[in-house]
Amino acid sequence: MKETKKQTTPATSLFTKDNYIWMIAGIILVAIGIILMAGGKSDDPNVFKENEVYSVRRITIAPILILLGLGIEVYAIFKKPKAS
């Protein structure tokens, strides 16, 4: 009986180093957005500080950074490696 050897192909990674760099950049942007959105706690529960809760930083800048970070994550996943 003839024994056949299975040829193994080298495992190729799904992502390259460039993809991981873009993913880390996206995660950092999302984290910065979440940190900017946090806070606004009042010392007195009977007092509502509208300017802290509805500040430009929490309502505009933080969500834009989060969405930008998520967009970078999508780009990093779909980015094709360069042909060498």
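The discussion below takes up salt bridges, ring pairs and a surface patch in turn.

Mentor: Please keep in mind that this is a predicted model. A search of the whole structure finds two salt bridges, and we may begin with these.

Trainee: What makes D18 and K79 a salt bridge?

Mentor: The closest N and O atoms of D18 and K79 are 2.9 Å apart. The rule asks for a side-chain nitrogen of Lys or Arg within 4 Å of a carboxyl oxygen of Asp or Glu, and therefore the pair qualifies.

Trainee: Where in the chain do D18 and K79 lie?

Mentor: D18 belongs to helix α1 (residues 17–37), and K79 to the segment after α3 (56–78). The two are 61 residues apart, so the pair links distant parts of the chain.

Trainee: Why is K79 called buried, and what is D18 called?

Mentor: K79 has 18% relative accessibility. Buried means under 20%, so K79 is buried. D18, at 29%, counts as partly exposed, because that class lies between the buried limit and the exposed limit of over 50%.

Trainee: How do you know that K49 and E52 form a salt bridge?

Mentor: Their N to O distance is 3.9 Å, and the limit is within 4 Å, so the label applies. K49 is partly exposed at 34%, and E52 is partly exposed at 30%.

Trainee: How many aromatic pairs are there?

Mentor: The count comes to three aromatic pairs. One of them is W22 with Y75.

Trainee: Why is the pair of W22 and Y75 called edge-to-face?

Mentor: The ring centres are 5.0 Å apart and the planes stand at 80°. W22 is partly exposed, at 33%, as is Y75, at 42%.

Trainee: What makes F48 and Y54 an edge-to-face pair?

Mentor: Their ring centres are 6.1 Å apart, and their planes meet at 65°.

Trainee: Which residues form the nonpolar patch on the surface?

Mentor: The patch consists of I24, I28 and I32, with about 270 Å² of accessible area together. Of these, I24 is found in helix α1.

Conventions
Residues are numbered from 1 along each chain as its sequence is written. This is a predicted model: local features need pLDDT of at least 70, side-chain atom pairs count only at pLDDT 80 or more; totals for chains, interfaces and linings use all residues. Side-chain values use heavy atoms; hydrogens and water are left out. Helices (H or I, at least four residues) and strands (E, at least two) are DSSP runs, numbered from the N terminus. Buried means under 20% relative accessible area, exposed over 50%, partly exposed in between (1.4 Å probe, protein chains only). Rings of Phe, Tyr and Trp (its six-membered ring) pair if their centres lie within 6.5 Å; planes under 30 degrees apart count as stacked, over 60 as edge-to-face and the rest as tilted. Patches are made of residues with over 30% relative accessible area and no salt bridge: like charges are joined within 9 Å, nonpolar side chains (Val, Leu, Ile, Met, Phe, Trp, Tyr) within 5 Å. Accessible areas come from the Shrake-Rupley method with a 1.4 Å probe; for residues, only the protein chains shown count as cover.
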